[in-house]
Amino acid sequence: MPTFIPPQQRKAWTVLAALPGAQSHHLRDLLGDKDRQARMQISAVGITLDYSHQRVNKDVMAQLLALADESHVKEQALAMLHGEAINQTENRSVLHVALRGSHVPNPPWGEAISSQVAAELLRVCLFAEKVRSGALLGFKQTPITDVVNLGIGGSDLGPRMTTGALVNQTQPLDGHPVKVHYVSNVDAWSLFTTLQNLDPSRTAFVVQSKTFTTQETMTLLASAKRWLLDGGCPDAQLHQHLVAVTASPAIAATHGFKPDHMFEFWDWVGGRYSIWSAIGLPLAIAIGSFGFQELLAGARAMDEHFLNAPPDKNMPLVMALMDVWNTNFLGASTHLIAPYAAALNKFASFLQQMEMESNGKCTHIDGSKVAIKTAPLVWGSLGIDGQHAYFQLIHQGTHLVPIDFIGSREEHTPLPLAAEHHRVVMLNMQAQAQALAMGRTEDETLKVLLQSGLSSEEAHRLAPHRSYPGNIPSSTVWMDALTPRTLGALIALYEHKVFCQAAIWGIHAYDQWGVELGKTIAKEIETRQ
């Protein structure tokens, strides 16, 4: 790779900072271009990105694309795919793309890795179907009906989010329903409320830990074993109820896990990028192995789009450039994720970890200090709920909050009036994007108030309070339908967006030393107690 140059010293960055009036363009004027929406849409893999409501014009877009070129984003992506140790502070490769590409001919990461991934994927899928068919038996020789996932961070957020989004799309195998539950919080109440209505003889635990030393997860495991023993499970049969997903199988074995109940992933799989690995086992149990493989297929299709689409039609790259523009040139310090599909109610939390743990860095790859903003504060919830809560601040507050609206064009909920529900939801999403962009001037508000019958004095008094500055940038991400395939593509879209941001900002996206510091201090405090 060429010698590292801080982003603010790159030619395109300096041009962007100096563009006359570029930062003051109001969306009210930009959206007056009747061809803008058609020109600023990208479609791939059942997903369409509409970024016409971003505060960019042709000059800004040209320089942002030049910035991506100067930042060698494509070259860095190829380095990742070829297994180079781009996680340089841990000297590790970053190959979550290989997890959904084990079928790719002549893979750039090598046949050996593809063979390992394919073999473990087969084991995961076969085990998931064993559970779903009722063939996995507990200590009373009755089928397992409940699976409790114990894990934290990436071992919880990804599987939990995708299970919630997709579980209602599948039917139980041979009429054998299996419920998947998630516990990540080491607070005893979290585990207690999950277990209180479960039958120990019909419950299995999937314990997810890369090292099998994570304090929170090991504490949960100890309580799970005690609950099984107190529920009548003989010590010699505990292993029937325990499943490990780990990069440290030898350590897992010391906790009583048997080889046929252990599933492996590798140190080149980061926790927040691990849903595609054996970490996805509880999801595969919840939706079936076919659905899980469809999720992987959608992600792989987005990988292909990212690698092959030209820069101006490259969805992850364009999304990253919008974030760079909003964060570094418009001064936004926060980014709202607003899904308008209730099944995606955990998606914002999932993206929060993906982006903030990846790009929340203050040191460049060469060890120098960062002098620009990196990751914004990512937050959000279901958009319909937010409209009646924090959207007030976005409409009339003093913070600039860029937004990603996420919607589905189709709705398949088995409710008689589901189509009408969906129409109202999508109407609200589109209305919010338009209202936040256009706003309403004081003159326009005054006219509305006078037409409503208010006196001139009262209308003039209220007009400042009932006007909206607008000019809030947003993108709308449309899914053709919420399916395993499109959700896989959507997750991969954001993964690659985060990668592109890091490449432009010149930071390491795949370590998380801030997380490690807290763990280290907790251990030090424990030894002193």
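These legends accompany close-up views of a predicted model.

**View 1. Helices H15 and H21 side by side.** Here we look at helix H15 (residues 347-359) and helix H21 (residues 484-505), whose axes come within 10 Å and cross at roughly 25 degrees. Because angles under 35 degrees count as roughly parallel, H15 is roughly parallel to H21. Their crossing is right-handed.

**View 2. The residues where H15 meets H21.** On the H15 side, look for Phe-347, Phe-350, Leu-351, Met-354, Glu-355, Ser-358 and Asn-359. Their partners in H21 are Leu-490, Ile-491, Tyr-494, Glu-495, Lys-497, Val-498, Gln-501, Ala-502 and Trp-505.

**View 3. An open sheet of 5 strands.** Follow the strands in the order E4-E3-E5-E6-E7, with parallel pairing. At the edges sit strand E4 (179-183) and strand E7 (262-264), each of which pairs on one side only. From one strand to the next, the twist averages 20 degrees.

**View 4. Strands E3 and E5 within the sheet.** Strand E3 (residues 146-150) pairs with strand E5 (residues 203-208) in the parallel sense, over 5 bridges. A handy place to start is Asp-146, which stands opposite Thr-203 in E5. Strands of a sheet pair through backbone hydrogen bonds, either parallel or antiparallel.

**View 5. Helix H10 across the sheet.** Helix H10 (residues 215-230) lies across E3, E4, E5 and strand E6 (242-246). Relative to E5, H10 runs at about 165 degrees.

How values were computed. Residues numbered from 1 in each chain as written. Predicted model: local features only at pLDDT ≥ 70, side-chain atom pairs only at ≥ 80, totals over all residues. Heavy atoms only, no water. Axes fitted to C-alpha atoms, helices over the stretch in contact; angles between N-to-C directions. Helix = DSSP H or I, 4+ residues; strand = E, 2+ residues; numbered from the N terminus. Parallel < 35°, antiparallel > 145°, perpendicular 65-115°, else oblique. Left-handed = near helix turned anticlockwise from the far one by under 90°. Contact = heavy atoms within 4.5 Å. Pairing = 2+ DSSP bridges.
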